Amino acid sequence: MRMLVTGEAGMLGSRVARAARDRHDVIGTYLGEAPGMEGVEEVWMDISDRENAFEVVRKAEPDFIIHTAAMTDVDACEREPERAMLVNGIGTENLAMAATEMGAGIIYVSTDYVFDGERKDGAYAEYEAVNPLSAYGRSKLRGEVGVRVCKDWAVARVSVLYGWNSPSQHANFVTWAIDKLRKGERISLLTDQFTSPTLLENCADALVRMAEARAGGIYNACGRSCVSRHKFGMQIAETFGLDGELLSESTSDGMKWLAKRPARACLSVRKIEEELGAKMMTTEEGLRFMKERLERGNAEGWSL
Ligand SMILES: NC(=O)c1ccc[n+]([C@@H]2O[C@H](COP(=O)([O-])OP(=O)(O)OC[C@H]3O[C@@H](n4cnc5c(N)ncnc54)[C@H](OP(=O)(O)O)[C@@H]3O)[C@@H](O)[C@H]2O)c1
């Protein structure tokens, strides 16, 4: 297949391009610097510019688009809701329209933040009612609506992406925590916010699998654990032999976030596992995967 991967410079987009390039012709898009990945054709694209999006998709002639590009800073989206809507909502619709013109399929990467997290226990299934609390969540939900302009659409919801980040990529919860703990800094972590942390490589494999299977509809493509930030922090300290005593407990009522976050936004992975045979990792498995990469010197420049 010819696969167009948007946001190739980003954390998830880079893993998707890497996972797909051995089996498919991959065209990656960037907005800032060209990432320069071997085996990937790279092209500049601004998804919020409809004309540019159409032009790039026409030239690329993809069979499939895996759309990871987004405005991902949740508080920045709260400050600039119109921009968030333009990039995450309308930008996705632009791509879906261009995909339709080319007869291509499209998978849109969405988020657990489409939910309000009011559930008391368990994990959200794909069919449950959405109710985003933030401008980011609303803009991503608009993207979930916009992607359906294309007949061959799918949505893959993910949560708290983690893995080794390259120097040009933003930190994620795990690399942030490792960095702090290595420096001997104390960190305070929430005991009342639960998510399904998602290993980048595991998610990228699931997305490529979805594209190859021409899966349609909504899938949760996240990790299989449902953990609080504090529990995840303890697992990180334990896996990497760092001092767990530096971690203290806190609750979200003391947080000075601009955007509201859902309290319990865990997602069920039953559908993607049963229908597509994907194996979504627990946080313990994902952290072990990262540790093995680190030991083999294959951790985006991070070292022991
Ligand atoms: N990070 C998380 O924990 C998390 C959680 C739930 C869902 N998600 C979703 O997962 C996806 C991947 O997240 P990520 O953290 O891997 O993303 P990321 O590292 O922040 O990368 C996002 C990419 O989007 C590109 N981009 C931004 N605006 C664009 C525009 N107007 N046109 C074209 N490209 C644009 C950027 O390109 P340049 O770098 O070239 O400027 C960037 O590489 C996103 O859809 C996000 O909403 C993420």
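The model is predicted, and local features are reported from pLDDT of at least 70, side-chain atom pairs count only at pLDDT 80 or more, and totals for chains, interfaces and linings use all residues. Residues are numbered from 1 along each chain as its sequence is written. Helices (H or I, at least four residues) and strands (E, at least two) are DSSP runs, numbered from the N terminus.

**Around the ligand**

- The ligand is surrounded by 30 residues, of which Gly7, Gly10, Met11, Gly32 and Ala70 are the closest; a residue is near a molecule if its C-beta atom, placed from the backbone, lies within 6 Å of it.
- Two or more residues of this shell come from each of helix H1 (11-20), helix H4 (81-102) and strand S5 (105-111), and H1 gives the most, with three residues.
- Sorted by class, the shell around the ligand holds 15 nonpolar, 13 polar and two charged residues, where Ala, Val, Leu, Ile, Met, Phe, Trp, Tyr, Cys and Pro count as nonpolar, Asp, Glu, Lys and Arg as charged, and the others, Gly among them, as polar.
- H1 is mostly covered, since ten of its ten residues are buried, among them Met11, Arg15 and Val16; a residue is buried if 20 or more other C-beta atoms lie within 10 Å of its own, exposed if 12 or fewer, and partly exposed in between, with C-beta atoms placed from the backbone.

**The largest nonpolar core**

- In soluble globular proteins, nonpolar side chains tend to be buried together.
- The largest nonpolar core has 88 residues, and Val16, Ile106, Ala156, Cys203 and Leu207 touch the most other members; such a core is a set of buried Ala, Val, Leu, Ile, Met, Phe, Trp, Tyr and Cys residues joined through C-beta atoms within 7 Å.
- Helix H7 (residues 200-212) gives the most to this core, with eight residues.
- When neighbours within four places in sequence are left aside, the contacts of Ala156 include Ile107, Val109, Leu207 and Tyr219; two residues are in contact if their C-beta atoms, placed from the backbone, lie within 7 Å.

**Two helix pairs**

- Helix H8 (residues 229-239) packs with helix H10 (residues 283-295) at an angle of about 35°, and their axes are 10 Å apart; axes are lines fitted to C-alpha atoms, for helices over the stretch in contact, and angles run from 0 to 180 degrees between N-to-C directions.
- In this pair, Phe232, Gln235, Ile236 and Thr239 of H8 meet Thr283, Glu284, Leu287, Arg288 and Lys291 of H10, and by class the contact has three nonpolar, three polar and three charged residues.
- Helix H2 (residues 50-60) and H4 have axes that come within 9 Å and cross at roughly 35°.
- Arg50, Ala53, Phe54, Val57 and Arg58 of H2 meet Asn94, Leu95, Ala98, Ala99 and Met102 of H4, a contact with seven nonpolar, one polar and two charged residues.

**Two buried residues**

- Thr283, which lies in helix H10, counts as buried because it has 25 C-beta neighbours inside 10 Å.
- Although Thr283 and Ile236 are 47 residues apart in sequence, their C-alpha atoms are 9.0 Å apart in space.
- Leu199, found in strand S10 (residues 198-199), is buried because 25 other C-beta atoms lie within 10 Å.
- The C-alpha atoms of Leu199 and Gly163 are separated by 5.8 Å, while the two residues are 36 residues apart along the chain.
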